[in-house]
Amino acid sequence: MRLTIGSRGSQLALWQANYIAGRLSESGHEVAIEIIHTTGDKILDVALAKVGAKGMFTKEIEEALGDRRVDLAVHSLKDLPTESAPEFEIGAITVREDARDAFCSVKYGSIDELPKGALIGTSSLRREAQLRAQRPDLQVHALRGNVDTRLRKMESGEYDAIILAAAGLRRLGRVDAITQSIPLDIMCPAAGQGALAIEIRAGDRSVGEALAFLDDPATRAETECERALLQKMGGGCQVPIGANAKWEKGTLHLQAVVASPDGKLVLRESGVGENPIALGEGVADKLLTRGGAAILQAVYGHAVAVPEQP
């Protein structure tokens with residue numbers, strides 16, 4: 001088949017698109033990549049949490065997919081809204097890279113080593129909230145731009161440290177920039193972090209069959225669980241919710257967190273189960289009931305449904 005991949009134009013997005021293109025080429029397909037600029041790529045002077053638009057990194061790519069300008073789209077799964085339009089489906093989720101967040105600094109080896117008042121850069125309200133919970137004495141400022149831009153700002157001394165996804169650094173060959181892989185009990189990752197999703201038109205059997213070999217069942221189960229939690233809580237990739245599931249011998253182990261933006265209230269829950277959706281929704285219900293609904297209402301500015309007590 002001749003296949004056209006839709007992708008954002010950042011260095012990391014193109015690495016991901018080229019990786020998938022390479023795997024498809026090895027299977028005998030002719031593959032091209034079309035670069036598509038998204039809303040999230042155009043708004044660089046505002047923190048992601050303040051933009052607030054779901055699908056800011058995917059909308060224009062999905063439009064190209066719907067218009068048949070491209071045959072498939074490669075996304076960082078954490079950027080993909082949990083509520084997908086009925087005309088699209090996730091054709092494959094590849095083997096997951098390291099899902100943790102990474103602490104990067106030329107001066108300090110870990111979060112604990114940072115001096116009082118140190119300046120930290122991050123684009124994520126989820127990271128900021130958990131960081132403030134751990135170290136309320138730090139200054140946290142919004143940091144946008146691609147991976148190289150953020151690293152340059154840190155290396156030039158503009159920031160004492162920055163926090164990025166370990167997966168992106170590993171994919172770009174910048175493991176050297178990681179001074180600490182942040183433990184999950186300190187910073188729970190975003191739902192789907194480290195996984196790549198390949199989106200196709202719903203019911204497109206020929207493209208779906210071409211991608212089938214790329215789908216990893218364990219990663220799909222883990223991320224379905226995490227995204228079920230996120231959807232139940234009404235969240236997107238710009239909210240202070242973290243979720244990380246591990247598939248081990250037929251069982252899923254889920255850790256999740258919701259935190260107030262100032263880090264003063266952090267709620268953590270965990271659960272074990274075999275059904276990804278049921279486990280994710282069950283842990284979400286616990287978080288909402290314990291006070292997560294109030295936290296999210298303050299963030300969203302509207303009511304969040306709280307499950308009824310048994």
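Reader: Hi! How many salt bridges does the count come to here?

Author: The count comes to 22 salt bridges, each being a side-chain nitrogen of Lys or Arg within 4 Å of a carboxyl oxygen of Asp or Glu. This is a predicted model, where local features need pLDDT of at least 70, side-chain atom pairs count only at pLDDT 80 or more, and totals for chains, interfaces and linings use all residues. Residues are numbered from 1 along each chain as its sequence is written, and side-chain values use heavy atoms, leaving out hydrogens and water.

Reader: Are R127 and D101 buried or exposed?

Author: Both R127 and D101 are buried. Buried means under 20% relative accessible area, exposed over 50%, and partly exposed in between (1.4 Å probe, protein chains only).

Reader: New topic: what about E62, where is it found?

Author: E62 is found in helix α4 (residues 59–66). E62 is buried yet has no salt bridge, and R227, the nearest side chain of opposite charge, is 8.3 Å away. For charge, Lys and Arg count as positive and Asp and Glu as negative, while His and the chain ends are not counted.

Reader: And which residues are linked in a network of salt bridges?

Author: D71, R201 and D204 are linked that way.

Note on methods: Helices (H or I, at least four residues) and strands (E, at least two) are DSSP runs, numbered from the N terminus.
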